[in-house]
Amino acid sequence: MSTKHLEHVNHNHEHGEGCGHVAVPHGDHVDYVHDGHLHVRHGDHYDECEVNGHTTHVEHAHEHGEGCGHVAVPHGDHVDYLHDGHRHAAHAGHYDEH
């Protein structure tokens with residue numbers, strides 16, 4: 001799973017432990033929920049952490065939603081759920097990796 005390189009411009013806030021934003025483990029890095037987006041440190045700036053392509057999470061029997069027990073993370077026009085070390089998003093009858 002690779003990510004797009006979309007620089008988040010005018011980002012003056014420094015993310016890290018205690019910054020006040022939700023930290024979301026994502027593969028080999030940590031994203032931070034900020035301004036309705038997921039930000040990841042990239043060199044001397046932050047990028048929007050967006051996945052390239054469509055990656056289905058196979059064998060996902062659990063249904064996410066309010067009260068499911070997993071952390072909900074706003075992500076653009078939908079909500080991702082932290083589950084099994086991944087962010088899952090509902091899509092056309094299945095869940096995708098985000």
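This is a predicted model: local features need pLDDT of at least 70, side-chain atom pairs count only at pLDDT 80 or more; totals for chains, interfaces and linings use all residues.
Which residue takes a positive phi in the hairpin of β3 and β4, and how many residues lie between the strands? The residue is D35, with a phi near 55°, and 2 residues lie between the strands.

Residues are numbered from 1 along each chain as its sequence is written, and side-chain values use heavy atoms, with hydrogens and water left out.

Confidence comes next. pLDDT is the predictor's confidence in each residue, on a scale from 0 to 100. The average for the protein chain is 75, and 81% of the residues score at least 70.

Now the overall layout. The protein chain has 0 helices and 10 strands. Both are DSSP runs numbered from the N terminus, helices being H or I with at least four residues and strands being E with at least two. Read along the sequence, the pattern is β-β-β-β-β-β-β-β-β-β. Buried residues account for 37% of the 98 residues. Here buried means under 20% relative accessible area, exposed means over 50%, and partly exposed is in between, with a 1.4 Å probe and protein chains only. The chain exposes about 6,100 Å², and carbon and sulfur atoms supply 49% of that. Those areas come from the Shrake-Rupley method with a 1.4 Å probe, and for residues only the protein chains shown count as cover. Among contacts between residues at least 6 apart in sequence, 46% join residues at least 24 apart. A contact means heavy atoms within 4.5 Å.

β3 and β4 pair in the antiparallel sense over 3 bridges. Two strands are said to pair if DSSP finds at least two bridges between them. The bridge partner of H34 in β4 is H37.

Is D31 buried or exposed? D31 counts as buried, because its relative accessibility is 0%. The D31 side chain makes a polar contact with the side chain of H29, at 2.9 Å. A polar contact is a pair of N or O atoms within 3.5 Å; within protein, one must be able to donate a hydrogen and the other to accept it, and residues adjacent in sequence count only if both atoms are side-chain atoms. Leaving aside residues up to four places away in sequence, D31 touches several residues, including V22, L38, C49 and R87.

The next hairpin is β4 with β5. β4, residues 37–42, pairs with β5 in the antiparallel sense over 4 bridges. H42 stands opposite H45 in β5. There are 2 residues between the strands, and G43 in the turn has a positive phi of about 65°. In a regular strand the side chains alternate between the two faces of the sheet. In β5, residues 45–48, H45 and D47 point one way and Y46 and E48 the other, and all are buried.

β4 also takes part in a salt bridge. The structure holds 1 of these, between the side chains of E14 and R41, at 3.6 Å from N to O. E14 lies in the loop between β1 and β2 and R41 in β4, so the pair ties together parts that are 27 residues apart in sequence. The term covers a side-chain nitrogen of Lys or Arg within 4 Å of a carboxyl oxygen of Asp or Glu. R41 is partly exposed, with a relative accessible area of 42%.

Further along, β7 and β8 pair in the antiparallel sense over 4 bridges. Their hairpin has 2 residues between the strands, and G76 takes a positive phi near 65°. P74, in β7 (residues 72–75), stands opposite V79 in β8. P74 is partly exposed, at 45% relative accessibility. P74 touches V33 and G36, not counting residues up to four places away in sequence. P74 and V33 are 41 residues apart in sequence, with their C-alpha atoms 7.8 Å apart.

Last, β8 is joined to β9, residues 86–91, by 3 bridges, and the two run antiparallel. The bridge partner of Y81 in β9 is H88.
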